[in-house]
Amino acid sequence: MVGMDVDAPFSEQWSQDDARNRQQGVERNELLHAPKHRPTRIVAMGGGTGLPMVLKGLARRAAPKGGQPGVDITAVVAMSDDGGSSGRLRRLHGALPPGDIRNCLVALAGGKSALRDVFQYRFGGAKGLAGHAVGNLLIAALAELKGDFLEAVRLSGELLGAKGQVLPSTLASVQLVAQMHDDTEVVGERNICRAQGRVRRVSLSPRSPPAVDGLLEAIYSADLIAIGPGSLYSSVLPNLLVDGVAQALKETRALKVMVANLMTQPGETDGMNCLDHVQAVIDHVGPVLDAVLVNGRMPSEESIQRYARKGSFMVTAETRELLSSGVIPVQADLLKEGSKIRHDSRKVAACLLKMARSGL
């Protein structure tokens, strides 16, 4: 496995094929030819809990410091969520789902503040406002007031002091549709999560919804595109199925990096290794990945066994398999300290920035 120390420059020896791939990545990365004072442009795509983790780490590095130029962050959020508070707002008010948007804005705000806590506060009880997060209601209210969901997101970001912009991948009201391995079709993200069996393929309904203004431009001007981690079929792939996104990823000079999941997700990615995740992306939208960032530190045996009892297992990665698929594996310690098997936002951000600024 290709290794990387997040606190030191790359020093690995590469085969001729690997070196050629690396050089192609360098040539794509316009940061190496740009003024040193320009911020590193990173686009992070996903949803759920994975994207906010990446954003939280990047937000800490947003301001220039110690000779580094800072980071220009754009988060791209999947818009097919139809569960929980977001789902209720969609069904009762025709609103676009604000939940993942809210979590990304809060992650970019960083630190602790009363307003941040208010955004994340969720009403208790059994009726009325029960289960709604205040931030969801605020974004939905601003969208109605302004008649513009994108403006509502921008204003919410200003209120929170977010260190970057958050873009919904599309402003179309989309549903996620899954074809299961038994050839049944399941409509709706919450229904897919409840369905038994393995997902074969997902699509959006309506198909190929238009990309939000500014999304494709952000992809073309980025130095690095981070895809994931997160639910493969419900958080990662929906962004890539928006009209023009896959083509932009193929054409951009940015380095495209998939942040590999640490564990499988019961009912969605059972039995899938890292190559299977990569292959799922390729099968849906073609060869849009240059590299995959893989955790290289083993969790404790106790943690592994605890997750196994819940049907979740480590996502394993084999170097030769990944290289044969045209994707370069980069390994680093990405684990957060503690009993839960989670990514450390600081470590992930450090790796992504090092990859962006070195070409790989």
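Alanine 291 stands opposite isoleucine 328 of strand E10. The model is predicted, so that local features need pLDDT of at least 70 and side-chain atom pairs count only at pLDDT 80 or more, whereas totals for chains, interfaces and linings use all residues. Residues are numbered from 1 along each chain as its sequence is written, and side-chain values use heavy atoms, with hydrogens and water left out.

Strand E9 (residues 291-295) pairs with E10 in the parallel sense over five bridges; two strands are taken to pair if DSSP finds at least two bridges between them. Helices (H or I, at least four residues) and strands (E, at least two) are DSSP runs, numbered from the N terminus. E9 and E10 belong to an open sheet of seven strands with parallel pairing, in the order E3-E2-E1-E7-E8-E9-E10. Strand E3 (165-168) and strand E10 (328-332) form the edges, each pairing on one side only. From one strand to the next, the twist averages 25°. Axes are lines fitted to C-alpha atoms, for helices over the stretch in contact, and angles run from 0 to 180 degrees between N-to-C directions.

Helix H15 (residues 345-358) packs on the sheet, where H15 touches strand E1 (40-46), strand E2 (71-77), strand E7 (224-227), strand E8 (255-259), E9 and E10. Contact here means heavy atoms within 4.5 Å. The direction of H15 makes about 160° with that of E8.

A helix pair was also examined. The axes of helix H10 (residues 232-240) and helix H12 (residues 274-285) come within 11 Å and cross at roughly 40°. H10 is therefore oblique to H12; angles under 35 degrees count as roughly parallel, over 145 as roughly antiparallel, 65 to 115 as roughly perpendicular and the rest as oblique. The crossing of H10 with H12 is right-handed, the term for a near helix turned clockwise from the far one by less than a right angle, anticlockwise being left-handed. From H10, Leu232, Tyr233, Leu237 and Leu240 meet His277, Ala280, Val281, His284 and Val285 of H12. By class, this contact holds seven nonpolar, two polar and no charged residues (Ala, Val, Leu, Ile, Met, Phe, Trp, Tyr, Cys and Pro count as nonpolar, Asp, Glu, Lys and Arg as charged, and the others, Gly among them, as polar).

Serine 156 is located in helix H7 (residues 149-160). Serine 156 counts as buried because its relative accessibility is 0%; buried means under 20% relative accessible area, exposed over 50%, and partly exposed in between (1.4 Å probe, protein chains only). Apart from neighbours within four places in sequence, serine 156 is in contact with Leu105, Phe119, Ile139 and Leu142.

Most residues other than glycine have a negative phi, and most peptide bonds are trans. The loop between strand E6 (199-205) and helix H9 (215-221) contains proline 206, and the peptide bond from serine 205 to proline 206 is cis, with omega near 0°. Serine 208 is also in the loop between E6 and H9; its phi is near 45°, a positive value in a residue other than glycine. With 44% relative accessibility, serine 208 counts as partly exposed. Proline 229 lies in the loop between E7 and H10, and the bond joining glycine 228 to proline 229 is cis, with omega near 5°. Aspartate 183, in the loop between strand E4 (175-180) and strand E5 (185-187), has a positive phi near 75° and is exposed, with a relative accessible area of 61%.
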